[in-house]
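Work through the exercises below with the structure open. Each task is followed by its solution.

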Amino acid sequence: MEIGLVHYLTVAAVLFGLGLLTVMTRKNAVGILLGVELILNAAALNFVAFEHFVAGGVSGQVFTVFIIVLAASEAAIALAIVLQVYRSYRSIMADRLTSLKN
Amino acid sequence: MPPLSALVFLGLAALTLGSAGVVAFSRNIIHSALALLGTFLGIAGLYVTLSADFLAATQVLVYVGGTLTLILFAVMLTSRIEDMKVSNPQAGLAAAFGLVTVVLLVLGKVATQTPWPGEAKPAIPSTAKLGHAFLGEYLLPFEIGSIVLLAAMIGSVVLARRAVKRSWEKG
């Protein structure tokens, strides 16, 4: 069995699907962030796989490094926001944060 | 008996996707956060098989050492430990499954019907080339990335602190 590009794409696609499922079904804000991390990792894996099998060079890895940088800053900011939301509402369930309704 | 590289790939893919499944379906937010560790480690291993050794090390250092620790801190700070069983409710499963099925069908069709150049290549180290790319062609985005990190650091400190008035500030 020869491991090729399609196998890596399959892993990344299933990972993306699981991340999307997590984002859509979770009410906990931290759970939604976990799903976003899965999606970002799936995209990064695709970048590296395409670079290794198709493009050559290192530009795919460069993009993956930027994805890691942005994911780290996103996690820091989002978790700080989650902490402030918890201080204000005593809950981080996304369906209870309804101050702007009506 | 499949070759060793195929066995390694299958093991890493199983680790990645199994942990991701626990992240997506566990009823306990702490189990979800800890299962993310397996996903990150599996992806780091897949990076090694794709000759991206620097990225594998970075993945372990940044995600496992930084992001995952941060997420666990957030879970501990925002959940009441006693009602941990209901701290990770799910909603809208049917719509989510429908959308995910459609997305996977489209992605699978594209991935299988496009004629990719599919020959396997040996995994060779690429850290030196990556370093030259960052200090040459991609120097400006690299520096902008560091500014983004600095801004995110200051922003999260400002957002997460409590507004405390010292006694000597009031007068």
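**Exercise 1. The interface, seen from chain B**

Determine how many residues of chain B contact chain A, and which elements of chain B supply them.

Solution. 
- Count first. In this predicted model, 70 residues of chain B contact 58 residues of chain A.
- Next, assign them to elements. Those giving two or more residues to this side of chain B are helices H1 (4-25), H2 (29-49), H3 (53-78), H4 (93-113), H5 (127-134) and H6 (139-160).
- H3(B) gives the most, with 11 residues.
- Sort by class. This side of chain B has 47 nonpolar, 21 polar and two charged residues.

**Exercise 2. The fold of chain B**

Describe the secondary structure, burial and domains of chain B.

Solution. 
- Chain B has seven helices and zero strands. From the N terminus, the order is α-α-α-α-α-α-α.
- Of its 171 residues, 24% are buried.
- Take the contacts in chain B with a separation of 6 or more: residues 24 or more positions apart account for 60% of them.
- Domain 1 of chain B covers 1-81, and domain 2 covers 126-171. Their C-alpha centres lie 25 Å apart.

**Exercise 3. H1(B) against H2(B)**

Classify the packing of H1(B) and H2(B) by direction, then by handedness.

Solution. 
- Start with the geometry. The angle is about 155 degrees, and the axes are 7 Å apart.
- Apply the cut-off. An angle over 145 degrees counts as roughly antiparallel, so H1(B) is roughly antiparallel to H2(B).
- The crossing of H1(B) and H2(B) is left-handed.
- Locate the contact. H1(B) residues taking part include Val8(B), Leu12(B) and Ser19(B). Those of H2(B) include Ala35(B), Gly38(B) and Gly42(B).
- Sort by class. The contact of H1(B) with H2(B) has 12 nonpolar, 10 polar and no charged residues.

**Exercise 4. H2(B) against H3(B)**

Find the relative direction of H2(B) and H3(B), and the classes of the residues that meet.

Solution. 
- The axes of H2(B) and H3(B) come within 8 Å and cross at roughly 175 degrees. That makes H2(B) roughly antiparallel to H3(B).
- From H2(B), the contact includes Leu37(B), Phe40(B) and Tyr47(B). From H3(B), it includes Asp53(B), Gln59(B) and Tyr63(B).
- The contact of H2(B) with H3(B) divides into 19 nonpolar, one polar and one charged residue.

**Exercise 5. A helix pair across the chains**

Are H3(A) and H6(B) roughly parallel or roughly antiparallel?

Solution. 
- Helix H3 of chain A spans residues 59-89. H3(A) packs against H6(B) at about 10 degrees, with the axes 9 Å apart.
- Angles under 35 degrees count as roughly parallel. H3(A) and H6(B) are therefore roughly parallel to each other.
- Contact residues of H3(A) include Phe66(A), Ser73(A) and Gln84(A). Among those of H6(B) are Pro141(B), Met153(B) and Leu159(B).
- The contact of H3(A) with H6(B) has 14 nonpolar, five polar and no charged residues.

Definitions and conventions:
Residues are numbered from 1 along each chain as its sequence is written. Chains are lettered from A and ligands numbered from 1 in the order in which they are written. This is a predicted model: local features need pLDDT of at least 70, side-chain atom pairs count only at pLDDT 80 or more; totals for chains, interfaces and linings use all residues. Two residues are in contact if their C-beta atoms, placed from the backbone, lie within 7 Å. Helices (H or I, at least four residues) and strands (E, at least two) are DSSP runs, numbered from the N terminus. Ala, Val, Leu, Ile, Met, Phe, Trp, Tyr, Cys and Pro count as nonpolar, Asp, Glu, Lys and Arg as charged, and the others, Gly among them, as polar. Axes are lines fitted to C-alpha atoms, for helices over the stretch in contact, and angles run from 0 to 180 degrees between N-to-C directions. Angles under 35 degrees count as roughly parallel, over 145 as roughly antiparallel, 65 to 115 as roughly perpendicular and the rest as oblique. A crossing is left-handed if the near helix is turned anticlockwise from the far one by less than a right angle, and right-handed if clockwise. Domain bounds come from an automatic or database domain assignment. A residue is buried if 20 or more other C-beta atoms lie within 10 Å of its own, exposed if 12 or fewer, and partly exposed in between; C-beta atoms are placed from the backbone.
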